[in-house]
Amino acid sequence: MLEALSDLTLDDLARRLAAAGFAPFHAGPVLRAHYGHGSVTPHPGRLPPAGLAEWLDASFAPAAEVVRRAAAADGTVKLLLRCRDGATIEAVLMPGDRPDRAAGCLSSQVGCAMGCDFCATAQTGFLRHLTAGEIVEQFRALRREAAAQGRALKTVVFMGMGEPMLNLPAVLAAAERLADNRVGGLGWRQITVSTVGVIPGIDALTATGHSLNLAVSLHAPDDATRARLLPPGRRFAVADVLAAADRFQAARGRPVTLQYCLLHGVNDAPEQAAQLAALVGARRMHVNLLHYNATGPGLGGARYEAAPAAVAEAFAGILRRHGVVAHFRRPRGPDIDAACGQLRRRVLAGSAGDVSPRRASA
Ligand code: SF4
């Protein structure tokens, strides 16, 4: 099987080039062009060496390719990519408030084993980790999609399918390439890793020293509600998750974002807002309030509903009165199954499913 350029570092490609008789310095321009961040020409005005394009074509193939595209009225675009083994993954482009900018959401695993009760991805079980190359292919596809809209892909967040902390080596390997000025062209600060609160992963991320951002999906201010919604909540208590986030924030000097998806009658009561405000307190963390995109019955059979607008506003008001920085994240593409895992689940339901290693249920 051919290698994927997206799986190679600059040094890897330089070695391949040298072995094939090309100058290793072509590795930079080749990868910049591959990432959509430059030209394959090593020096402006000079043509690439004879035979290089043919050698690249004969030696490499994509790690994953876009097989389906769904565009929403609000400009959100969800892409379904198929990996070489038939596994499918989602990536989402979200237009920014500025007309020339966009943000991307990347998957880190095929499916997910965390079993969050309200999540469409959880219902398709866990298949496998993604490789760094498969993550990079999502970034490339989103960058092309953004360019077609006249936008620049300015930020990415690992908040698609999967729990990034359980596939941290591949997530970091991909992030290193995206953050490398010579390759992906994003800065570390333009990359966010989002977790449901896997404490060893948060600490491992802190230890890397990379200045990327951390988002923690809290979704409840107390252990009992959190454990009901997120199975990892049974293992990692709210206080301990926030303590790990404190360590990350202290090391980086930038606020951690707490994600909170408002589910009516579950976690949107005024007392829960006050409880959350007490937890966030003087921490300087920001709270991102998410609108729930209904995905049908949860794993345990419960049906969740989005908090009504007035309830959500009241919840945010309580947080703000306590001095907490709280924002609503704009709902994205509700007309195209934009919640994590919805498009893939619908495609799987209408097909023979992923052609890849045996699925292990969450
Ligand atoms: S919400 Fe995230 S961590 Fe939880 S099951 Fe879905 S993809 Fe996995």
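Two rings of Phe, Tyr or Trp (its six-membered ring) pair if their centres lie within 6.5 Å; planes under 30 degrees apart count as stacked, over 60 as edge-to-face and the rest as tilted. Keep that rule for the ring stops below.

This is a predicted model: local features need pLDDT of at least 70, side-chain atom pairs count only at pLDDT 80 or more, and totals for chains, interfaces and linings use all residues. Residues are numbered from 1 along each chain as its sequence is written, and side-chain values use heavy atoms, with hydrogens and water left out.

**Whole chain**

Show the chain as a cartoon. It has 12 helices and 12 strands (DSSP runs, numbered from the N terminus: H or I of at least four residues for helices, E of at least two for strands). The radius of gyration is 21 Å, close to the 21 Å from the globule rule for 362 residues, so the chain is as compact as a globular protein of that length. That radius is taken over C-alpha atoms, and the rule is 2.2 Å times the number of residues to the power 0.38. Along its principal axes, the C-alpha trace spans about 70 × 45 × 40 Å.

Now colour by burial. Of the 362 residues, 55% are buried (under 20% relative accessible area; exposed is over 50%, partly exposed in between; 1.4 Å probe, protein chains only).

**Ring pairs**

Select the aromatic residues. The rule gives six aromatic pairs. Zoom to W55 and F60: their ring centres are 5.5 Å apart and their planes stand at 85°, so this pair is edge-to-face. W55 is buried at 18% relative accessible area. F60 is buried too, at 10%.

Next, pick F118 and Y292. They also pair edge-to-face, 6.4 Å centre to centre with 85° between the planes. F118 sits in the loop between β5 (109-111) and β6 (126-129), and Y292 in the loop between β11 and α11 (309-321), so the pair ties together parts 174 residues apart in sequence. Both F118 and Y292 are buried.

Ring pairs link F22, W55 and F60 into a cluster.

**Two backbone stops**

Most residues other than glycine have a negative phi. Select H219. Its phi is positive, about 65°, although H219 is not a glycine. H219 is in the loop between β9 (213-217) and α7 (223-229). With 5% relative accessibility, H219 counts as buried.

Last, select R284. R284 has a positive phi of about 75° and is not a glycine. Its loop runs between α10 (270-280) and β11 (286-291).
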